[in-house]
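Trainee: I have a model open and would like to go through it step by step. Where do we begin?

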Amino acid sequence: MANKQKAKAVRELRRRRHVRRRVSGTAERPRLSVYKSLRSTIAQLIDDDKGVTLAYSVSGPTAGKGTKTDAAKAVGKAIAAQAVEKGIKKIVFDRNHYLYHGRIKALAEGAREGGLEF
């Protein structure tokens, strides 16, 4: 069992490095980095040139109100609102090692609805 878990972690790390080699954010077009845990979804806008986080949004436990996918969509809308407030319209989407499906897709759709282009 331990070998299977280690193999999965190695695959995820390889996929994460593959994505990060190609995706980098600037001040004009920051990187929207996504992380998901079992309970929450986290999104942040990062300027890789300076190494600073420009905006941050997280979903807490939904407490029985909707699904985690709905919460991820709300995170996307919230991060988009913060970005538009700071004058950012175009971003680069960094999905890390996650497949573009489920919560990740919902977050991206929420960000697009909020006014971000990527």
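Mentor: With terms: helices (H or I, at least four residues) and strands (E, at least two) are DSSP runs, numbered from the N terminus. Contact means heavy atoms within 4.5 Å. Axes are lines fitted to C-alpha atoms, for helices over the stretch in contact, and angles run from 0 to 180 degrees between N-to-C directions. The model is predicted: local features need pLDDT of at least 70, side-chain atom pairs count only at pLDDT 80 or more, and totals for chains, interfaces and linings use all residues. Residues are numbered from 1 along each chain as its sequence is written, and side-chain values use heavy atoms, with hydrogens and water left out.

Trainee: OK. Which strands does helix H2 lie across?

Mentor: Helix H2, residues 68-85, lies across E1, E2 and E3, and runs at about 145 degrees to E3. Helix H3, residues 103-113, lies across E1, E2 and E4, at about 145 degrees to E1.

Trainee: And what is the order of the strands in the sheet?

Mentor: The open sheet has four strands in the order E3-E2-E1-E4, with mixed pairing. Strands E3 (52-58) and E4 (92-94) are at the edges with a single partner strand each, so one side of each has no neighbour in the sheet. Two strands pair if DSSP finds at least two bridges between them.

Trainee: How many bridges join E1 to E2?

Mentor: Six, and E1 (residues 31-36) and E2 (residues 41-47) run antiparallel. A hairpin of four residues joins E1 to E2. Arg-31 stands opposite Ile-46 in E2, and Lys-36 stands opposite Thr-41.

Trainee: What about E2 with E3, parallel or antiparallel?

Mentor: Antiparallel, with six bridges. Leu-45 stands opposite Ala-55 in E3. The hairpin of E2 and E3 has four residues between the strands, and Gly-51 there takes a positive phi near 75 degrees.

Trainee: Which way do E1 and E4 run?

Mentor: E1 and E4 run parallel, joined by three bridges. Ser-33 stands opposite Asp-94 in E4.

Trainee: Back to the helices. At what angle do H2 and H3 pack?

Mentor: About 35 degrees, with the axes of H2 and H3 7 Å apart. Residues in the contact include Ala-72, Lys-73 and Gly-76 of H2, and Ala-106, Gly-110 and Glu-113 of H3.

Trainee: New topic: how many salt bridges does the structure hold?

Mentor: Four. A salt bridge is a side-chain nitrogen of Lys or Arg within 4 Å of a carboxyl oxygen of Asp or Glu. One of them pairs Glu-113 with Lys-73, the closest N and O atoms being 3.2 Å apart. Glu-113 lies in helix H3 and Lys-73 in helix H2, so this pair ties together parts 40 residues apart in sequence.

Trainee: Which residues share partners in a network?

Mentor: Arg-31, Asp-48 and Asp-94 are joined into one network. Asp-48 forms a salt bridge with Arg-31, with the closest N and O atoms 2.9 Å apart. Asp-94 forms a salt bridge with Arg-31 too, at 2.7 Å between the closest N and O atoms. Asp-94 in strand E4 and Arg-31 in strand E1 are 63 residues apart.

Trainee: Is Arg-31 buried or exposed?

Mentor: Buried, with a relative accessible area of 8%. Buried means under 20% relative accessible area, exposed over 50%, and partly exposed in between (1.4 Å probe, protein chains only). Asp-94 is buried at 0% relative accessibility, while Asp-48 counts as partly exposed at 23%.
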